[in-house]
Amino acid sequence: MRRVALALGVLVLALVVALGVGVATTPSRQPVVAAATENVDAEAMTRHLAEAIRFQTVSAARAEDLNHEALSGLIAWMEVTYPRAHSQLTREVVAGYSLLYTWPGADPSLPPILLMSHMDVVPVENEAEWTHPPFAGVVADGALWGRGAMDDKSGVVGILEAVEGLLAEGFVPQRTVYLSFGHDEETLGEGSLAAAALLRERGVRLSWVLDEGMVITDGIIAGVKAPAALIGVGERGYLSVRIEAADEGGHSSMPPPTTAAGRVARAVARLEADPFPAGLDGPASSLFAWLAPEMRQPLRTVFSNLWLFRPVVISQMTKKPSTNALARTTQAVTMLSGSLQDNVLPQRAWAVVNLRLHPRDTQASALARLAEVIDDPTITLSPYPSGLNGEPSPISRDVGAPGFDTITGAIRALRPDVVVAPGLTVGATDARRFVDIADDVYRFMPLQLTEPERAAIHGTDERVKLDNLALFPAFYRQVIRRGAGS
Ligand SMILES: [Zn+2]
């Protein structure tokens, strides 16, 4: 008995020492950079974004349903509003309305960079629920309201304000800077596909790309008191799968014990009961390595000692949809269909499960796992056609890589109160079109969001705080100065 107590005591002591060492050996990874100020016209940023919001460039699943007038209107407005950018940069229109600008660098031997955003917005579901009309660009209560205020006209206007301002100052980039503004990011993504094809065809090799995708989270990450700018170093893949069963059909008065609809339902139930494995490898582990030193106790100890607390952290993460998405490939059954009439046996029944692939999975491995879990030879699985289907992106480099250092340097120079960390973008962005012609691809915009504000992206009452808006042109100016300056 005494021996057991002694052994236990030694174990506890070892644990305490190990934890102490764990904490002591995780110093802050935050880059130390000199403070910088950018002389931006915050009022112009607000006014111009309000004007851009008034063009109802709502995305559509089919190209013929696009609002052509709004897209042409927005493009014409850009020409008038940013005359320097439109006289000193070359602009090419691809895939109808997407724009690719080239700002030639003084030294053509340097690999170029690319800044991205998109001009289309998602539709408005319930206009009556909006505090201010979604396409009016109203300034009220310290914010600019409207569809696209966050996603992603703030990026388009912020980048153009920065370029126009730098041109007015006589700034000349050393390396070439490309700007790519897609017109159908929310649906087909053909604009960025065409822009990427054009650069590929010309043999352009990009040093790095910056697109939307992650933001400055404010009070969203447990234990981190400072606002945290998460730089997306990768994005999940996408795969929709059709789960199908076939039968003879017939009248439902003398049915067999199970029908095609029943077997599809059983397959769905098996999938939901057996989610993809969760883990903390890849971008999740980098994220915590960067954020742990910035956390309050006791979370700092927990996240600095994942060798011990990994199972606890994973189990907590997988309880919340937002963090679950960081830990595993997620699955959502989105479509379901059986017979067309209540007394007719289905000859065919099917469901669609939408997977968002964690970087540790591939389309093929995910499909194989679905078959294994469903475990029913009468069920067929096939990819459901979607323009978004694609493998997870490669993971871009963090500290020491020119793009990552430029982006985090720009943030820390302007906002020393913000901590930075690499992260995984859970949605899909246009940036994925460029992964094969760029050394690194990052996904971040300087939007600062609390949890309730985050819900307004693609939702009701999308808006940006006015004091946050000034950060957009300042951030993109810093990015261009640091990334393409001398
Ligand atoms: Zn977007």
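This is a predicted model: local features need pLDDT of at least 70, side-chain atom pairs count only at pLDDT 80 or more; totals for chains, interfaces and linings use all residues.
Residues are numbered from 1 along each chain as its sequence is written. Helices (H or I, at least four residues) and strands (E, at least two) are DSSP runs, numbered from the N terminus.

- Domain 1 puts 19 residues into the contact, and domain 2 puts in 20 residues. Two residues are in contact if their C-beta atoms, placed from the backbone, lie within 7 Å.
- On the side of domain 1 that touches domain 2, strand β16 (residues 419–425) gives the most, with six residues.
- That side of domain 1 has 10 nonpolar, six polar and three charged residues. Ala, Val, Leu, Ile, Met, Phe, Trp, Tyr, Cys and Pro count as nonpolar, Asp, Glu, Lys and Arg as charged, and the others, Gly among them, as polar.

**Helix α5 against α16**

- The axes of α5 (residues 153–168) and α16 (residues 471–484) come within 8 Å and cross at roughly 60°. Axes are lines fitted to C-alpha atoms, for helices over the stretch in contact, and angles run from 0 to 180 degrees between N-to-C directions.
- The two helices, α5 and α16, are therefore oblique to each other. Angles under 35 degrees count as roughly parallel, over 145 as roughly antiparallel, 65 to 115 as roughly perpendicular and the rest as oblique.
- α5 passes α16 in a right-handed crossing. A crossing is right-handed if the near helix is turned clockwise from the far one by less than a right angle, and left-handed if anticlockwise.
- From α5, the contact uses S154, G158, I159, E161, A162, G165 and L166; from α16, F472, P473, Y476, R477 and I480.
- Seven nonpolar, three polar and two charged residues make up the contact of α5 with α16.

**Helix α13 against α16**

- The axes of α13 (residues 402–414) and α16 come within 9 Å, crossing at roughly 130°. That makes α13 oblique to α16.
- The crossing of α13 past α16 is right-handed.
- α13 contributes T406, I407, G409, A410, I411, A413 and L414, while α16 contributes L471, A474, F475, Q478, V479, R482 and G483.
- By class, this contact of α13 with α16 has nine nonpolar, four polar and one charged residues.

**Helix α2 against α5**

- The axes of α2 (residues 42–53) and α5 come within 10 Å and cross at roughly 135°. α2 and α5 are therefore oblique to each other.
- α2 and α5 make a right-handed crossing.
- The contact pairs A44, M45, H48, L49, A52 and I53 of α2 with K153, S154, V156, V157, G158 and E161 of α5.

**Three-stranded sheet**

- Strands β4, β5 and β19 form an open sheet in the order β4-β5-β19, with antiparallel pairing. Two strands pair if DSSP finds at least two bridges between them.
- β4 (138–140) and β19 (463–465) stand at the edges with a single partner strand each, so one side of each has no neighbour in the sheet.
- Neighbouring strands of this sheet are turned by 25° against each other on average, direction ignored.
- β5 (residues 143–145) and β19 run antiparallel and are joined by three bridges. A143 stands opposite K465 in β19.
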